[in-house]
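Visitor: I have a model open and some questions about it. Can we go through it piece by piece?

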Amino acid sequence: MIERQKAVIQLSLMAVMSALVAAGTLIVRIPNPMGGYFNVGDVMIFVTALTFNPIIGGVAGGLGSAIADIIGFPLFAIPTLVIKGLEGLLASLISDKKRIYRDVLAVVVAGTVMVLGYFLVELYLWGIGGALAEVPANIAQIAIGGLVGIPVALVLRRRLPEILRD
């Protein structure tokens, strides 16, 4: 029964955190010059990845962000599923859920993967000029995601019951 209960909790966390990532992506939408938008979805990706296990981080990052793109910017839904899924997965794998320097390292590495992933997609779609134009906004999105997400994750890790963090 414990394994079944754990599976239900894990699946529930994936669904809830995916919804929160999608909401964070859709609620704050500041348009950028390339037709995309700046959002706070990365805050929720990092909160999820730095609090829960890599599966939850990867699923919530990829699925939540892709759902938001299906609603708001469908051209990017599939690349977003992969890029943001990797972002959440890597951040969670790198973080040891104990030390802040590992959380910072997780944000830097996962954020670099996100920036490079979108750069490659945008290079294909818009050429070098369009891809380079997006880099500063993507870096800012990661920076804000880490600056807000790390402290929130620190609080959640202290407050949540152990069964939710496994």
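**Charged pairs and other features**

Guide: Lys84 is buried, with a relative accessible area of 6%; buried means under 20% relative accessible area, exposed over 50%, and partly exposed in between (1.4 Å probe, protein chains only). This is a predicted model, in which local features need pLDDT of at least 70 and side-chain atom pairs count only at pLDDT 80 or more, while totals for chains, interfaces and linings use all residues. Residues are numbered from 1 along each chain as its sequence is written, and side-chain values use heavy atoms, with hydrogens and water left out.

Visitor: Which side chain meets Lys84 in a salt bridge?

Guide: Glu87 does, at 3.7 Å, N to O. A salt bridge here is a side-chain nitrogen of Lys or Arg within 4 Å of a carboxyl oxygen of Asp or Glu. Glu87 is buried, with a relative accessible area of 0%.

Visitor: How far apart are Glu87 and Lys84 in helix H4?

Guide: They are three residues apart, so about one helical turn separates them. Helices are DSSP runs (H or I, at least four residues), numbered from the N terminus.

Visitor: How many salt bridges does the count come to?

Guide: Four. One of them joins Asp103 and Arg157, with the closest N and O atoms 2.7 Å apart, and both of these residues are buried. Salt bridges with shared partners also link Asp42, Lys84 and Glu87 into one network.

Visitor: What about Asp96, which residue does it pair with?

Guide: Asp96 forms a salt bridge with Arg99, the closest N and O atoms being 2.5 Å apart. Asp96 counts as buried at 17% relative accessibility, and Arg99 as partly exposed at 38%.

Visitor: Last one. Where is Ser65, and is it buried or exposed?

Guide: Ser65 is in helix H3 and is buried, with a relative accessible area of 4%.

How values were computed
Helix = DSSP H or I, 4+ residues; strand = E, 2+ residues; numbered from the N terminus.
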